[in-house]
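Have a look at the structure first, then read on.

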Amino acid sequence: MTEMALGVFTLVLFVVHVTAGEKECARPMLAADYDATARWTMYVCWHAISAHLLLGGGALLWAGATDSAVVGPVLVAVISTLHLVYAALFLVLAFVSRIERGWLKLPQWMGFLPLGLIGWWAALS
């Protein structure tokens, strides 16, 4: 059951990412005046996160729908680890960037951290 909830919340994060993220991050990034190769590489990275959230959410739903005592917890642990890594990256970059109140201006960690922690709790239960 926890896997299903994690899957739903991961897909909610996906929707937030592709709607608010498109408006707040992706479009301004593409419109910015800096090296085109770097700009488009960053756009690919943005889409990679989109794919991770969509596929991860689907995989978590699948894990919750199956009775596998092995595959489910391993899959949840892997996806949850990725969520924790993303949360850590956003927090570290918020502080390293020296953006004033960066931890609030780069709030993505707030979505990834609970998913990662709850996911690991579910995987170990």
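Predicted model: local features only at pLDDT ≥ 70, side-chain atom pairs only at ≥ 80, totals over all residues.

## A tour of the helices and loops

Residues are numbered from 1 along each chain as its sequence is written, and side-chain values use heavy atoms, with hydrogens and water left out.

Arg101 sits in the loop between H3 and H4, and its phi is positive, about 55°, although it is not a glycine. Arg98 is found in the loop between H3 and helix H4 (102-105) too. Its phi is near 60°, again a positive value in a residue other than glycine. Why bring these up? Most residues other than glycine have a negative phi. As for cover, Arg98 is exposed, with a relative accessible area of 76%.

Now for the overall build. The protein has five helices and zero strands, counting DSSP runs numbered from the N terminus (helices are H or I, at least four residues; strands are E, at least two). Read from the N terminus on, the elements go α-α-α-α-α. The C-alpha trace spans about 50 × 25 × 20 Å along its principal axes. Of the 125 residues in the protein, buried ones make up 30%.

Two helix pairs are worth a look side by side. Axes here are lines fitted to C-alpha atoms, for helices over the stretch in contact, with angles from 0 to 180 degrees between N-to-C directions.

| Pair | Axis separation | Angle |
|---|---|---|
| H3 (residues 71-96) and H5 (residues 109-124) | within 7 Å | roughly 150° |
| H1 and H5 | 10 Å | about 165° |

The angle makes H3 roughly antiparallel to H5, and H1 and H5 are therefore roughly antiparallel to each other. On that scale, under 35 degrees is roughly parallel, over 145 roughly antiparallel, 65 to 115 roughly perpendicular and the rest oblique. The crossing of H3 and H5 is left-handed, and so is the crossing of H1 and H5; left-handed means that the near helix is turned anticlockwise from the far one by less than a right angle, and right-handed that it is turned clockwise.

Next, the surface. Val8, Phe9, Val12 and Val16 make a nonpolar patch of about 360 Å². Patches take residues with over 30% relative accessible area and no salt bridge, joining like charges within 9 Å and nonpolar side chains (Val, Leu, Ile, Met, Phe, Trp, Tyr) within 5 Å. The areas come from the Shrake-Rupley method with a 1.4 Å probe, and for residues only the protein chains shown count as cover. Phe9 lies in helix H1 (residues 2-31) and counts as exposed, at 52% relative accessibility.

Leu30 is in helix H1 as well, and is partly exposed at 25% relative accessibility.

How many salt bridges does a search of the whole structure find? The search turns up one. The side chains of Arg27 and Glu22 meet in a salt bridge at 3.8 Å, N to O; the term needs a side-chain nitrogen of Lys or Arg within 4 Å of a carboxyl oxygen of Asp or Glu. Glu22 is partly exposed, at 21% relative accessibility.

Methods:
Buried < 20%, exposed > 50% of the residue type's maximum accessible area, 1.4 Å probe, protein only.
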